[in-house]
Amino acid sequence: MIAYQTLLAIDKTSKLPAYLQLANQLMNLVRGGELRAGQKLLGTRQLAQFLGIHRKTVVQAYDELLAQGWLESRTGSGTYVVENLPEVKPQKLVDGQQERRNPAKTAGFSFETLPHLWRPALVSGQDLHLDDGFPDPRLAPLNELTRAYRSNLLQGNQYVRLGYGDTKGSAWLRRELALYLNETRGLKITEENILITRGTMMGLYLVATGLVKKGDNVAVGALSWSGANMNFLQAGANLLQLPIDEHGLVVEELEQHCQKRPVRLVYLTSHHHYPTTVALRADRRLKLLRLAEEYGFIVFEDDYDYDFHYLSKPLLPLASADSAGTVLYCGSFTKAISPAFRVGYLVGPENVISHLAQLRRIIDRQGDLILENSFAELLQNGVIQRHLRKSLREYRERRDVFCELLKTQLGEYLDFQVPDGGMAVWSRFSKEINLELLAEKALKKELVFSNGKHHDSRGNALNSTRLGFASSTVEELEKCVNILRNIILKGA
């Protein structure tokens with residue numbers, strides 16, 4: 001006889017009915033081997049007395065397990081655990097207590113943990129922040145987006161509106177995007193050249209999974225976005241790290257690699273290099289396209305914040321000058337609107353887009369069709385275009401104020417170049433400043449910023465980081481810089 005009083009307990013405060021509590025516990029005893037196949041259970045009256053519950057509760061629990069096939073009733077004999085269950089040995093006793101694995105915490109099977117996936121995900125937190133270069137959601141056209149979402153949710157044919165759609169994404173959004181990108185980026189595309197994604201990360205994953213094989217060489221900047229590197233490493237690629245200088249990716253170094261080994265793909269952020277914000281010089285742009293055509297490699301152009309350039313006119317992307325079909329151009333509305341709205345796009349030759357759309361189908365059948373159509377409506381009505389012009393003016397002012405604050409308040413402790421575009425300042429701190437410790441102390445003052453270690457893939461002790469300004473008001477930026485100055489001067 002098993003010790004029911006120690007192995008079974010009914011929690012009368014639980015929302016789960018008592019009979020289900022008892023049934024689940026008995027089931028677990030069978031699974032754990034404490035109740036063996038063919039073993040007779042106590043009668044309903046006796047078990048009810050042991051547990052201090054009504055007999056009907058025990059009857060209900062037994063009936064539940066009888067219906068599920070865990071127990072069997074033998075006329076005139078009683079209730080038994082069914083005979084055809086496999087034998088389960090009770091778990092070993094350790095120091096007088098039963099050793100139990102918690103399956104909610106530890107899996108019962110082995111798997112390989114991959115170091116390249118250990119990068120922590122960014123999460124919005126403190127009110128005061130000098131982030132990686134995020135937009136200010138307080139400026140987003142949320143009222144217009146709300147109206148557009150509501151109208152697209154409620155109007156039209158429900159079967160079409162709320163059903164399955166094209167794996168390439170909303171046809172309406174792809175048409176509007178083609179017009180918008182042709183007008184603003186100098187592209188020459190149609191909707192068939194566009195795959196709607198849930199952001200740049202999905203575009204990278206699709207390309208890395210669908211176009212890169214294990215052992216392929218992928219060229220990235222020695223200073224590059226770790227999110228991109230993670231995707232290429234996950235695909236089994238070999239990363240070739242190219243130097244970055246004040247004019248962007250050193251393309252001459254790439255040419256030397258091409259002469260020695262096949263290169264499958266080159267990843268870059270040509271407009272505002274991540275993380276340093278510098279633009280790829282014109283001669284290097286032309287040479288990169290020539291090399292891509294000559295050696296047949298893919299150029300993945302991540303244009304994460306094209307719309308935010310503070311000079312007279314931004315540089316056109318590489319994709320606008322691509323005559324050989326080697327460039328895949330990727331962007332999103334993360335910086336234009338807000339990271340919460342997962343709408344991005346991948347632009348490329350029709351056959352590549354069709355191929356990647358088939359792959360996307362087995363990962364994420366389709367995106368949020370209502371949201372995609374809402375963005376299409378905002379593009380068609382010029383709402384996003386007006387929002388970008390307004391945001392550009394605001395972010396330019398914040399950049400100017402922030403750079404002046406850095407110069408006057410922290411100029412002796414860090415070095416930087418005023419960025420021509422983007423939402424962050426690449427800041428190189430003096431050697432005497434422990435950037436990791438500074439970030440820890442700032443967090444205690446409720447100011448969050450990155451210590452920059454995830455930018456340092458080669459372990460060169462860069463002591464540099466991105467300080468984002470776009471998501472903070474002028475007043476908030478002043479508070480942030482004052483906190484940093486006080487920590488540096490006073491050590492606390």
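Ser-430 sits in the loop between S16 and helix H15, residues 435-444. This is a predicted model, and that applies to everything I show. At 17% relative accessibility, Ser-430 counts as buried, because the cut-off is under 20%. Setting aside residues up to four places away in sequence, Ser-430 touches Glu-412, Tyr-413, Leu-414 and Asn-463.

Asn-463 is worth a stop. Asn-463 belongs to the loop between S17 and S18. Its phi is positive, about 55°, although Asn-463 is not a glycine. Asn-463 is partly exposed, with a relative accessible area of 22%.

There is another residue of this kind. Glu-446, in the loop between H15 and strand S17 (447-449), has a positive phi of about 65° and is not a glycine either. Glu-446 is exposed, at a relative accessible area of 52%. As background, most residues other than glycine have a negative phi, and most peptide bonds are trans. Pro-275 is in the loop between S11 and H11.

Taking the pairs in turn, S15 is joined to strand S16, residues 424-429, by three bridges, and the two run antiparallel. In that pair, Asp-415 stands opposite Arg-428 of S16. S16 and S18 are joined by five bridges, again antiparallel. There, Ala-424 stands opposite Gly-468 in S18.

How much of S18 is buried? Five of its five residues are. Both faces of S18 are covered: Ser-464, Arg-466 and Gly-468 are buried on one side, and Thr-465 and Leu-467 on the other.

Next, the seven-stranded sheet. This one is also open, with the order S6-S14-S13-S12-S11-S7-S8 and mixed pairing. Strand S6 (194-197) and S8 are at the edges, each pairing on one side only. Neighbouring strands are turned by 20° against each other on average, direction ignored. Within the sheet, S11 and strand S12 (residues 298-302) run parallel and are joined by four bridges. One of the partners here is Ile-298 in S12, which bridges to Leu-265.

Which strands does H10 lie across? H10 lies across S7, S8 and S11, and runs at about 140° to S8. This helix covers residues 251-260, and its buried residues are Val-251, Leu-254, Glu-255, His-257 and Cys-258. Viewed down the axis of H10, these fall within an arc of 160°, so they line one face of the helix. The face turned away from the buried side carries the exposed residues Gln-259 and Lys-260. The cover over the buried residues of H10 includes strand S7 (217-221), strand S8 (238-242), strand S10 (248-249), strand S11 (265-268) and helix H11 (282-295).

Buried or exposed, where does Glu-255 fall by its number? At 18% relative accessibility, Glu-255 counts as buried, because the limit is 20%. Beyond neighbours within four places in sequence, Glu-255 is in contact with Lys-287, Arg-290 and Leu-291. For a sense of distance, Glu-255 and Leu-26 are 229 residues apart in sequence and 69 Å apart in space, C-alpha to C-alpha.

Last item, a helix pair. The axes of helix H7 (residues 171-185) and helix H13 (residues 369-380) come within 8 Å and cross at roughly 35°. The crossing of H7 past H13 is left-handed. What does each helix bring to the contact? From H7 there are Trp-172, Leu-173, Glu-176, Leu-177 and Tyr-180, and they meet Glu-372, Asn-373, Phe-375, Ala-376, Glu-377, Leu-379 and Gln-380 in H13. By class, this contact has seven nonpolar, two polar and three charged residues.

That is where I stop.

Notes: Residues numbered from 1 in each chain as written. Predicted model: local features only at pLDDT ≥ 70, side-chain atom pairs only at ≥ 80, totals over all residues. Heavy atoms only, no water. Buried < 20%, exposed > 50% of the residue type's maximum accessible area, 1.4 Å probe, protein only. Arc of directions from axis to C-beta. Contact = heavy atoms within 4.5 Å. Axes fitted to C-alpha atoms, helices over the stretch in contact; angles between N-to-C directions. Left-handed = near helix turned anticlockwise from the far one by under 90°. Nonpolar A, V, L, I, M, F, W, Y, C, P; charged D, E, K, R; others polar. Pairing = 2+ DSSP bridges.
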